[in-house]
Amino acid sequence: MTNLKIGFNARLGEARHHTVRGLCNTALRACGVLLAILSQPALAANCSFTSVTAISFGNYNVFAASPNDSGVGTIQINCRGGEANMLVTLSTGQSGNYAARLMNSGADLLTYNLYTNAARTVIWGDGTGGGSTMAADRNSTTTLSIFGRIPGGQDAAVGTYSDFIIATVNF
């Protein structure tokens with residue numbers, strides 16, 4: 001099993017492993033991305049995260065009725081060996097459920113979610129509780145896109161909102 005910790009956070013320098021940082025730069029910061037890669041040894045199969053691109057939602061307009069769909073990132077996974085394609089899952093983050101992930105800025109919360117498709121109709125999770133998984137091809141490198149959405153109409157205070165997501169390759 002290989003894990004990729006994805007932390008939605010505009011504050012820099014908080015990861016203890018290889019990181020890719022995204023930064024928001026205005027008053028209401030929906031999020032930047034801090035990605036930390038952790039690898040664990042595997043038996044028959046071996047997968048590693050070879051590349052990540054930052055997700056940045058940019059600014060969130062509390063007066064907009066439409067969602068903020070500007071958050072898009074990728075993870076690239078290189079898998080070798082094994083008997084079948086590997087499943088890639090994302091954790092729920094601090095919300096504890098896939099229906100509505102939460103970013104926080106202190107005590108203030110902002111609902112968001114991560115999706116497997118550009119239409120943002122399939123929530124990326126672990127295959128339970130409304131979340132779906134993605135597949136990484138065996139014996140090749142697979143690039144998977146992560147599509148984020150912050151629903152419109154949320155009365156959020158100005159701040160830097162963050163969450164922490166773990167991506168796992170199951171084989």
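Predicted model: local features only at pLDDT ≥ 70, side-chain atom pairs only at ≥ 80, totals over all residues.
The pairing of E5 with strand E7 (residues 72-81) is antiparallel and extends over eight bridges. Serine 51 is placed opposite glutamine 76 in E7.

One aromatic pair is found in a search of the whole structure. Its members, phenylalanine 57 and tyrosine 112, adopt an edge-to-face arrangement, with 6.4 Å centre to centre and 70 degrees between the planes. The pair connects distant parts of the chain, 55 residues apart: phenylalanine 57 lies in the loop between E5 and strand E6 (58-59), whereas tyrosine 112 belongs to strand E10 (residues 108-115). Both phenylalanine 57 and tyrosine 112 are buried.

Tyrosine 112 also takes part in a polar contact, in which its side chain meets that of aspartate 163 at 2.7 Å. Aspartate 163 is located in strand E13 (residues 163-170). A polar atom of the aspartate 163 side chain additionally lies 3.0 Å from the backbone nitrogen of glutamine 94. Although buried, aspartate 163 has no salt bridge. The nearest side chain of opposite charge is that of arginine 101, at 5.6 Å, whereas a salt bridge requires a separation within 4 Å.

How values were computed. Residues numbered from 1 in each chain as written. Heavy atoms only, no water. Pairing = 2+ DSSP bridges. Helix = DSSP H or I, 4+ residues; strand = E, 2+ residues; numbered from the N terminus. Buried < 20%, exposed > 50% of the residue type's maximum accessible area, 1.4 Å probe, protein only. Lys, Arg positive; Asp, Glu negative; His and termini not counted. Polar contact = N/O pair within 3.5 Å; in protein donor to acceptor, adjacent residues only side chain to side chain. Phe/Tyr/Trp six-rings, centres within 6.5 Å; stacked < 30°, edge-to-face > 60°.
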